[in-house]
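Please look through the model below. A short report on its packing and its chain contacts follows.

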Amino acid sequence: MSQEIAVLAEKVVAITHESGRNGGDILEEIASTEGDQTMISVISELDIMSVAKILREFDATIPSIAAWLMDPETIGNMLNVEPSYWEHEIQKGAFNAQDSVKSMLSQIFLTQSDDEERESAILAAIMESETGILYLSLPFIGFDFDSIDHVEEPVSGSAEELLLKIKSLNRSIYEAILATSERGDFEKIEAILKSQANNIRVGEISNETDDMFEPL
Amino acid sequence: MNLDKVRARPFLLLMISDAVESGSLTQEQLAKIESQLVDMSLKIAKNFFSPVISHDLKKSCSIVLGVTTLGLLKLCGGDTLTARKILLEDSIIICFRKGWESVNSLFKAHGAEADRPTLLANYQYSDSEYKDISSINESLLSEQLDVNLLKEIAVKFKNPLSDMDMDPHHTDEISIKTDVQLSIFEALMKRHAIGHEDYDDFKALLFSYLEKPDVFSGEFSEVAEAILNKFGDKISLRIEGWLPSIEDDFKNNFELLAAENSGPEIYISIFHKILRGNINAKKFMHAYESLLKPEKQLYPNLKMQIDVEHSFRDLAEAEDSYLSHDDVLSDLSHNITNDDY
């Protein structure tokens, strides 16, 4: 890693710490002045929580350029830890994990010129994680699958468009999403995703604390 | 002397730093304690808050400090030698678990729907202050137990005469106390075999109480005791505390009665006073109808409420007598056959 990349990455992390949105803007500035390749190198130096914080601030209407250029594996890792931000948002109020995931996935799958090879790779990377299928299914719990109109073009940015996009990329993942979201309990899945993300974030904790919540 | 108060630091940290200074706690042991405190804080953060928000991490550390200090104080009973022994020979996790017992009792008292992160936040203790964490814990628990007790009393004494707001999530001591008062009053009426429509006997009883306060006090205590005997210690003790003010309230209300008014008026006005105006109109229709004509003007609000009740009842009756489905159909067919199509 060159000195220049390290300095830029440090700057992005510091700015992201204050605001994820500003972190995204600075990445865009780097891409326009130093080129996409430099920005990709900078992203690869960022910690995954910062990447998640940046992308959460963007959506399908204003996508982050970072979402377009990140490699599939980083996107998969980022989505694994992203639910750690939910609890804080829930406590602030007016937050819905379903909408949040939908907006994240739309930003990733619906805003770029169709590069199916890359999108399939991202889908595969998400499925690498044990909870990947739960993350992909969350937006569709309670969704009326019978209402999908296969003839008309779906409304841009709708859950339907996202679902049909996934279907076109990988039929078997689509089937799995259908099965999971029809049977799944929203609160349980939300809790699993949060807890999985928190575990990754917190890392290994010594087993001495295993019984800390047991009555003495 | 409370060392923690004088030195304005949590008891746990004082014990640790004293042990380090005196050399009885080695750097290795200290490092272990620190890492266990950190691990426990992370676990609190990921179970109850967001481990990615620095504010939440800080909060989690303060909670671990509070709960662990509480536990250590419980285990050693405030004795510094015992505390040091526990730190050296046992583990800091034991202290946390002891404190968590109290947290758990608080959770249980609040029920399954409780907002646990908010409850936990009460145990925050920063490293440069003094807090009587044991008392804080005790008052948190006793406050909630009292709320639960009041809810229990509210359910047992719910009275249809009262129209006070009885939201089960919002317990209002005054309205619960009023329901107890009603129940004592009804027991007094029963003792004299006076029904809710025996207005003249009712009036006579109240004026006899007014004339002979000692008789009233005697009967009041007997009736109240009979009610208390029906319940367990906690409920009866809580109700007992209200009895003097309930008795006073009765006596004050008796003083205000107007001897020249009719039995029904006396009946309505005494319940009106006990319930501070929140009477359930449905239960007082008969008494209102029995009022002397000029007395009715004393209760314009009650009349309004009764009128509303009447209109509801008329509406329900009107629905019953409405044309049946068949009648409507035959009417329609009748019209059709008369048409010239």
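In which crossing, left-handed or right-handed, does H6(A) pass H9(A)?

## A helix pair in chain A

The crossing of H6(A) past H9(A) is right-handed. The model is a predicted one. Helix H6 of chain A covers residues 72-81, and helix H9 of chain A covers residues 116-128. Their axes lie 8 Å apart, at an angle of about 40°. That angle is why H6(A) counts as oblique to H9(A).

On the H6(A) side, the contact uses A:Pro72, A:Glu73, A:Ile75, A:Gly76 and A:Leu79. H9(A) brings A:Arg118, A:Ala121, A:Ile122, A:Ala125, A:Ile126 and A:Glu128. By class, the residues of this contact are seven nonpolar, one polar and three charged.

## Chain B by itself

Chain B has 18 helices and zero strands. It has 341 residues, of which 29% count as buried. Take its contacts between residues at least 6 apart in sequence: 64% of them join residues at least 24 apart.

## Where the chains meet

Here 20 residues of chain B contact 18 residues of chain A. On the chain B side, helix H3 (27-48) and helix H6 (92-110) each supply at least two residues. H6(B) gives the largest share, eight residues. The chain B side that touches chain A holds ten nonpolar, three polar and seven charged residues.

How values were computed: Residues are numbered from 1 along each chain as its sequence is written. Chains are lettered from A and ligands numbered from 1 in the order in which they are written. This is a predicted model: local features need pLDDT of at least 70, side-chain atom pairs count only at pLDDT 80 or more; totals for chains, interfaces and linings use all residues. Two residues are in contact if their C-beta atoms, placed from the backbone, lie within 7 Å. Helices (H or I, at least four residues) and strands (E, at least two) are DSSP runs, numbered from the N terminus. Ala, Val, Leu, Ile, Met, Phe, Trp, Tyr, Cys and Pro count as nonpolar, Asp, Glu, Lys and Arg as charged, and the others, Gly among them, as polar. A residue is buried if 20 or more other C-beta atoms lie within 10 Å of its own, exposed if 12 or fewer, and partly exposed in between; C-beta atoms are placed from the backbone. Axes are lines fitted to C-alpha atoms, for helices over the stretch in contact, and angles run from 0 to 180 degrees between N-to-C directions. Angles under 35 degrees count as roughly parallel, over 145 as roughly antiparallel, 65 to 115 as roughly perpendicular and the rest as oblique. A crossing is left-handed if the near helix is turned anticlockwise from the far one by less than a right angle, and right-handed if clockwise.
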